[in-house]
Amino acid sequence: MASRNLRSSSTAGKRTGQAAKHAARTTPTAAATPHAALPAALASWFTQKGWTPRPHQMALLAQARARRSTLLIAPTGAGKTLAGFLPSLVAACEPPAGELKGAGLKTLYISPLKALAVDIARNLTQPIAEMLLPIRVETRTGDTPPSRRARQRVRPPEILLTTPEQLALLISGEDAAYLFADLETVVLDELHALVPSKRGDLLSLGLARLRALAPGVILTGLSATVARPTELRAWLAAQTSPHQAICLTDAIELRGGARPDITILETDDPLPWASHSARYAVPEVLAAIAAHHLTIVFVNTRLQAELMFHELWKANEASLPIALHHGSLDVAQRRKVEAAMAAGKLRAVVATSTLDLGIDWGDVDLVIHIGAPKGASRLIQRIGRANHRLDEPSKALLVPANRFEVLECRAALEAAEAGAQDAVVNRRGSLDVLAQHILGIACAGPFLPEALRAEVTTALPYADLDRHDFDRVVDLVATGGYALRSYERYARLRQTDDGRLRLAHPRFAQQYRLNVGTIVESPMVKVRLTRTRGASGRAGSKPFSGGRVVGELDEMFAGELKPGDAFVLGGETLRLEAFRDSELFASRATARDPIVPSYPGGRFPLSTHLAQRVREMLAAPERWRELPAPVADWLRLQEQHSSLPSPGEVLIETFFHGNRHHLVIYPFEGRLAHQTLGMLLTRRLERAGGKPLGFLANDYAMSIWGLGDPAALIASGRLDLDALFDEDMLGDDLDAWLAETSLMRRTFRHCAMIAGLIERRHPGKEKNGRQLTVSAGLIYDVLRRHDPDHVLLEAAYRDAATGLLDIGRLGEFLRRIRGRLRYVPLERASPLAVPLLLEMGRIAVGGDAREDALREAAEQLLRESGLAETGSPQQRQ
Amino acid sequence: MGATIGADATPALSFEARAMQIRETEIVADRSGALYVPAEQSLVVADLHLEKGSAFAVRGALLPPYDTRETLRRLAGVIDRYRPRTVVALGDSFHDRRAEARLSQCDLSALAGLQSDRDWIWITGNHDPEISPSVGGDVRTALDLAGLVLRHEPASGPVNGEIAGHLHPAARVLLNGMRLRRPCFVASSNRLVLPSFGAFTGGLNVLDEAFAPLFPAGTFGVHLLGSTGVYPVAGSRLCPD
């Protein structure tokens, strides 16, 4: 029976999408006629609601009856969640199969977002109540009160909705075997978002453990459309002999759905050259909000959310109810916004990705995306929010923040229309995550190392883990993994008589539970509201204390602020009064412009796929007609004054600007890869006598600026561009630079915290004592010198290579451009370079520049105080 | 033999070390965080906190067991450059009372090697109020040297030429838009506090109220430890944490 939602409507108009046929592909196990397969209670409930179960939902049910793990791929609005739970609801209608072996927990649902779990619970409780099914649904997240969490271990519900971190905690309990003995199904939601990350690694290990505790359990993965479903199917399946064949689960894939209706905003006001705020578009954004029922305004970063929210309210004469939602806001505040959205009380919400994933929010009929979406998949998933009926087009408006973003938006739009996707890249499981998992397993009870290794290698990210690396990680957990074997007596794991490893002392379990989780974001500083103190708070003034917590700030950003600086948080403008005990005290600022924090773009770099499209677009002047006039003009000017980069080459320019010589490169490989490239090229330029001072990088280009003239060096032959861009920079130069850089320190710190080497929280009170912790940077330095092969250093390097530094991408870039450099020496800055030069990004400098700056400042000080020769102590000014 | 800096040499406008004066006594602040007193050919280091790593390990935080080795390595380096007649360890040389027992044989030998051919004085600190003979040297609670008083913890109340440790001074500075936080010497014409020398030791910002009683009316100068030099820093560049 066809679902009524398959009927399409086609209307005239340029931008309306066409309906596409549903293509539901199932595995050989055929789906029976819908109603016949459903128990009476369910069937009549469907009839009552006027709904019909869709083919893919019935197919998944058939899979569950056959006890086969499955991946369901469908766009938003296809009823994935109901599909995921239908088997459990069906099972609840039928008489139980046998005696309970454990606590009676049958279905576990895992989502990456707390809010999602809460929302699903809300949506499930209703039908269960209406069908009078004798089962309970509960959530378990970081927000669940301890008393309920304790009760859930003893008397769990039949269906538990939770997060990966909670799962890690649950399997680390001594009662884990009892808790999961009756588990039949694990539903994994938004799988595409979870898998390619350390959280995914940890989850895969948790699932491997569940398979051991409940051998009959099946996994159901729910995912948005992705380029390569095979990778997710492999991730879901238990791997047995990966060197012969990768096991895959079955898959059900839904294609089609209406083409999205996406437009790029064009305004009368000129597009800025370099900006990430999109302030210029506020009037149009407000007009769009007024013309729709409920709009979500997506931005890439928390800080952009604050700014846009602020700007919208400044112009919000009609007082439309507009709310703000992002991860730094107080939890209670976020819940309020979510509830108001679902109840239809809001007209718009400005949000970052916390609202991103599959939550079914009321009647969203427009998605506005501020700034470039950075990836086609992200765009598609986000616009899926608007109008979640499959066959009607979702509506989205892209608002580029500057000229270059117009290109990105255009590329993203075309990609979305073509249905193209970014790939989910399968990663090797992190060793620090494995360490955390092993410690958790030890907390549950003694284990046989070889058995655990076999279990762990059934998880795809760890399928290739060899004996040696496993042992190193066990050693890391037990004694810290040091070449110097001095910690045997302090070991956290000890051997039992029968060759198992056990936790040496219960307090290690306590430590573990306090620190679990891989979401090691940039540490956050709590912001408390207080009264203003007038002049900037100095040491020695009255103590700050108490005050309501307004939210949190990124520690790096907080570090840039001085007392007296103003910033925006939770929609309010606040003034920094003081830092005390790792908290920030701020008062309400008077009405003046807040600081716009310098954040070059969002956290995500331009995806490879989009970058390719942008390069192609630039090289095809006949396509510029589709671009707004100022942007097309800009590109034409570039063609006149310099040259346009073609997809197969990389453009390199030199010019003199702002009192410095610039060497500009246009790789289009994303900000992270460019930053790494900048660091490495700076070193090389230094050796060639180029006297570089620093560099700027954004998603499409980078510029190294300095005192030396690279054009002259190139002309005279002293600088060879081919040699400069040789891939060998990823060898010694990279190693040497990695040795010094603070990026590596930060990466190492993440790994050390995840692996449990550095604790985030101690049992007992945290004193304001400087001796309570040792900074990760100091540990890193000592470890590098005395134990360079340490497993955590290796883990950090791997992270840096794939993540922060995007070394893999950089390597591919260098190989691609080998021998294809187009060099254009110029007198003045080229049009294409202008946005980069105007960028208010952080100027990253290499290690030596700090030392030089210190030296310069010291010399200046000595000269000024006339103490150049003697260097006696000076008065503080 | 390494390069020596004898009693009369004053470094030129290089930043490898900075010559200063406390009262009438000439001293040299070295880029390693050590202090040299030319008149007595004595080298002073503070807050070594040896075996801090293992102290954490005892409590279950398995920090790398190499901090003692690294601290002694750096100390060997600066001893090699100055060839002092006397080395003074200005308190908190050991992270806790049992630290000496946790020292490895290897580290004990390294220490003994540094102690041979010279005098070695351990000043007691709050972390190490008692020091056993097994680590060599002489133990004192304070020391008079070249007209200055050397003690671990800065005295409250007026002093007349004091060198102390204990506070682990560090400075956060703003330079060309970059922020840097490093250990530092902090001094007036009357007293000086050394940075902590130990590999795993952190620092307390000189703008913290703990320093205020020592330097009335904020009259102090800061010398920051860079990677290859020690640099005077203008007060206007100092930032709180």
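Author: Axes are lines fitted to C-alpha atoms, for helices over the stretch in contact, and angles run from 0 to 180 degrees between N-to-C directions. Helices are DSSP runs (H or I, at least four residues), numbered from the N terminus. This is a predicted model, where local features need pLDDT of at least 70, side-chain atom pairs count only at pLDDT 80 or more, and totals for chains, interfaces and linings use all residues. Residues are numbered from 1 along each chain, chains are lettered from A and ligands numbered from 1 as written, and side-chain values use heavy atoms, without hydrogens and water.

Reader: Why are helix 17 of chain A and helix 20 of chain A called oblique to each other?

Author: Helix 17 (residues 431–444) and helix 20 (residues 507–515) of chain A pack at about 135°, axes 10 Å apart. Under 35 degrees is roughly parallel, over 145 roughly antiparallel, 65 to 115 roughly perpendicular, and the rest oblique. The pair is therefore oblique.

Reader: Which residues of helix 17 and helix 20 of chain A make the contact?

Author: Contact means heavy atoms within 4.5 Å. Helix 17 of chain A gives A:Gln436, A:Leu439, A:Gly440 and A:Cys443, and helix 20 of chain A gives A:Phe508, A:Ala509, A:Tyr512 and A:Arg513.

Reader: What makes helix 19 of chain A roughly perpendicular to helix 30 of chain A?

Author: Helix 19 (residues 467–479) and helix 30 (residues 791–802) of chain A pack at about 115°, with axes 10 Å apart. That makes the two roughly perpendicular. Among the contact residues are A:Asp469 and A:Arg472 of helix 19 of chain A, and A:Glu794 and A:Arg798 of helix 30 of chain A.

Reader: How many residues of each class are in the contact of helix 19 with helix 30 of chain A?

Author: Ala, Val, Leu, Ile, Met, Phe, Trp, Tyr, Cys and Pro count as nonpolar, Asp, Glu, Lys and Arg as charged, the others, Gly among them, as polar. By that rule, this contact of helix 19 with helix 30 of chain A has four nonpolar, no polar and four charged residues.
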